[in-house]
Amino acid sequence: MRVLVVEDDKDLNRQLVTALSEAGYAVDTASDGEEGYFLGDTEPYDVIILDLGLPKMDGLSVLEQWRRSDRKTPVIILTARNRWSDVVAGMDAGADGYLGKPFHMEELLARVRAQVRRASGHAKSEIECGPLRLDTKSARVTCNGQQIKLTSHEYRLLAYMMHHNGRVVSRTELVEHLYEQDFDRDSNTIEVFIGRLRKKIPIDVIQTVRGLGYRLSEEAEQG
Amino acid sequence: MRFNSLAFRLFITAAAWTLLVLPLAGVVIFGLHRSDVLSTFDNRLQRIVNEITVDSMGQPEKGAVVPNNTYESLFEVTQSGWYWQIKPLDEADGRMLVSPSLATAALPLPVANGIVPDASGARWMTARGPRGEPLRLVEVIDTLGHEPDQPRYSIVVAGPLDWSERQISEFRTRLTIALALAGIGLLAVTLFQVRFGLLPLRQIELGLANIRAGAATRLEGELPVEIEPLQTELNALIRSNQEIVDRARTHVGNLAHALKTPLTVVTNEVRGEKTGLGAKVAEQAQIMKDSVQHYLERAQIAARTGVIGRVTPVAAVVGPVVRTLERIHEDRYVSIAVECPADARFQGERQDLEEMLGNLLDNACKWARHTVTLSVEVRPATERGRKRRLAITVADDGPGLTEEQRARIGKRGLRLDETKPGSGLGLSIVIELAQSYQGSCALAASPKGGLAVHLDLPAA
């Protein structure tokens, strides 16, 4: 999952990046409205966290422009002016959620998880796929009740595929959604991680669709 | 016209003056006219008596003769009220000449009644005639041929007083009617003058009512020079009031922004620290966070309640707030049923209504099982002179609160359940906002089992 953080306060920006990275997200950041708008307009993020009080271009305008050019990425707005009038204005501009400052990081992470889930059409915080079960709250994957130990990159890959189970996920899509902007996109790491994952879970869960990408199979054997 | 009003003062002084002056003028005019009528009458009598004297006394050799000219045809009509009489004074049995009208009667002699003559030698008195009618008598005493050694005669001419009295009383009636009409006319003109003169003040009154009702933002219209400065100053005052409010609101908003971001950083920086400095900072940051929230929210209320003339259509606020909450609580599958008449208008700031409805509906959405209902009702004024009220009820079908919980909630920062997100200030800010609008916020049990919050606010 790839997240964009647009926040001009350096410390808060750093804290957001740390917390989101620890929770298994690939994080890009922008510290002003123009940069934020550009990134959100060109990169395929899963969630965008947008502060409303930004230099160069304010958050509401950034959000309105994204929506006008049909960018449907879920956006959570951060606002210090958390009166209802501001909240209403933010939601009307196209936000999907809001968080009033000051907030606890756990609250933010919960909102991000909810938005990711909502965008991929899952109602519950636990996602099941055949023998696999992903608990988005604790970032843990179990297979037939047994916890699987995953590295951060392996988790990101599997979590993304589980959020989008039932459809074919291309290699490009995986690269775009799992790594930060400055990642070297020509490497073969996706294949490497798929290979590692296949050793940790039943081998036929991740199926290769020739020429298109990968798909999770619901019909994999239970055990 | 109210008792304590400029119009009443102006009218009552003008009316008092009119009511005082007109009767006085009446009395004076009547007096003048009366004396004029009487003196004209006297002049006529005097002329007649003089001519009769000349006619009848002119020939000493014939003695007193009947005057050949009648001067007044009524001397010929019996008991007409017009009489003359020539009576010798020195011969006790001398022949007395009388007008045919007097027949066998006789007129009293002023000289015999001790009346003193005036400068022209005439004696005046009033007496009763043969019919008992009031008469004005004038008597001249002369001698035959005006010779001093000739016998003296008393020549008396009488005219009916009731004739002139009738004339006078007729005049009095006409005068009274004319003056009464003039009085009524004057009062009507005064009334018009007062109304017309004070029209600009009425215009100001309407203008202020419009401002208060939110239909206008300044005092409009062209006013007379005397009160134009008032209009200018008032408009400047309204504008500066609005500017001060806006500035205060901006500053409060900026302060909130400036404080809340660092607070977020501090809070998250020491997250999870259980010992020493970290724990202390976390604890103090929480206190700061609560204070910032509490006082800044209230500063914004205070910044807005003094504003005159803001009117907010309720439906225009309900729509966006409900839409927003439905999106925020999308995962909870709660539906919000709204019942709001299109003409319901709140006498106050849009932001305040948004804040109250937002907080109440947000709370209700957090606790509701399936549905939240919002109903808005416009209640007619209960007493004369009072405004209409808005009755807003937000109810949910959640677990609700016990009576004891309902009594405790609303105190500052109190949260009954720490597991639900929110600052816990929501309800208390709603209560304070409602109170600042002379309204109220009451908690009750909803018929569907949950909590029902009743808001009472001024309608416009």
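These legends go through a set of close-up views of a predicted model.

Residue numbers count from 1 along each chain as its sequence is written, with chains lettered from A and ligands numbered from 1 in the order in which they are written. Since the model is predicted, local features need pLDDT of at least 70 and side-chain atom pairs count only at pLDDT 80 or more, while totals for chains, interfaces and linings use all residues.

**View 1. Where chain A meets chain B.**
The contact draws on 24 residues from chain A and 25 residues from chain B. Two residues are in contact here if their C-beta atoms, placed from the backbone, lie within 7 Å. On the chain A side, α1 (10–22), α4 (84–92) and α5 (105–119) each put in at least two residues, and α4(A) gives the most, with six residues. Helices (H or I, at least four residues) and strands (E, at least two) are DSSP runs, numbered from the N terminus.

**View 2. The open sheet of chain A.**
Here five strands line up in the order β2-β1-β3-β4-β5 (chain A), with parallel pairing. Two strands pair if DSSP finds at least two bridges between them. β2 (26–30) and β5 (97–100) of chain A sit at the edges with a single partner strand each, so one side of each has no neighbour in the sheet. From one strand to the next, the twist averages 20°. Zoom in on β3 (residues 47–51) and β4 (residues 75–79) of chain A, and you'll find four bridges joining these parallel strands. A:Asp51 stands opposite A:Leu78 in β4(A).

**View 3. Helices on the chain A sheet.**
Helix α2 (residues 33–42) of chain A packs on the sheet and touches β1 (2–6), β2 and β3 of chain A. The direction of α2 makes about 140° with that of β2(A); such angles run from 0 to 180 degrees between N-to-C directions, and axes are lines fitted to C-alpha atoms, for helices over the stretch in contact. Then there's α5(A), which lies across β1, β3, β4 and β5 of chain A and runs at about 180° to β5(A).

**View 4. A:Arg113 on α5.**
A:Arg113 lies in helix α5 of chain A. The cut-offs: buried if 20 or more other C-beta atoms lie within 10 Å of a residue's own, exposed if 12 or fewer, and partly exposed in between, with C-beta atoms placed from the backbone. Setting aside neighbours within four places in sequence, A:Arg113 contacts A:Ser125, A:Thr136 and A:Lys137. A:Ser125 is twelve residues from A:Arg113 in sequence and 8.0 Å away in space, C-alpha to C-alpha.

Helix α6 (residues 152–163) and helix α7 (residues 171–178) of chain A pack at an angle of about 120°, their axes 10 Å apart. That makes α6(A) oblique to α7(A); angles under 35 degrees count as roughly parallel, over 145 as roughly antiparallel, 65 to 115 as roughly perpendicular and the rest as oblique. A:Arg156, A:Leu157 and A:Tyr160 in α6(A) meet A:Leu174, A:His177 and A:Leu178 in α7(A). By class, that's four nonpolar, one polar and one charged residues. A:Arg156 is buried, with 22 other C-beta atoms within 10 Å. Beyond its neighbours within four places in sequence, A:Arg156 contacts A:Met1, A:Gly24, A:Ala26 and A:Leu178. A:Tyr25 is 131 residues from A:Arg156 in sequence, yet 7.0 Å away in space, C-alpha to C-alpha.

**View 5. The antiparallel sheet of chain B.**
This open sheet has five strands in the order β2-β1-β5-β4-β3 (chain B), with antiparallel pairing. Nine bridges join β4 (residues 134–143) to β5 (residues 152–160) of chain B, and B:Arg136 has B:Gly159 as its bridge partner in β5(B). Helix α1 (residues 6–57) of chain B packs on the sheet, touching β1 (83–88), β3, β4 and β5 of chain B. Helix α2 (residues 161–197) of chain B lies across β3, β4 and β5, running at about 130° to β4(B).

Note on methods: Nonpolar A, V, L, I, M, F, W, Y, C, P; charged D, E, K, R; others polar.
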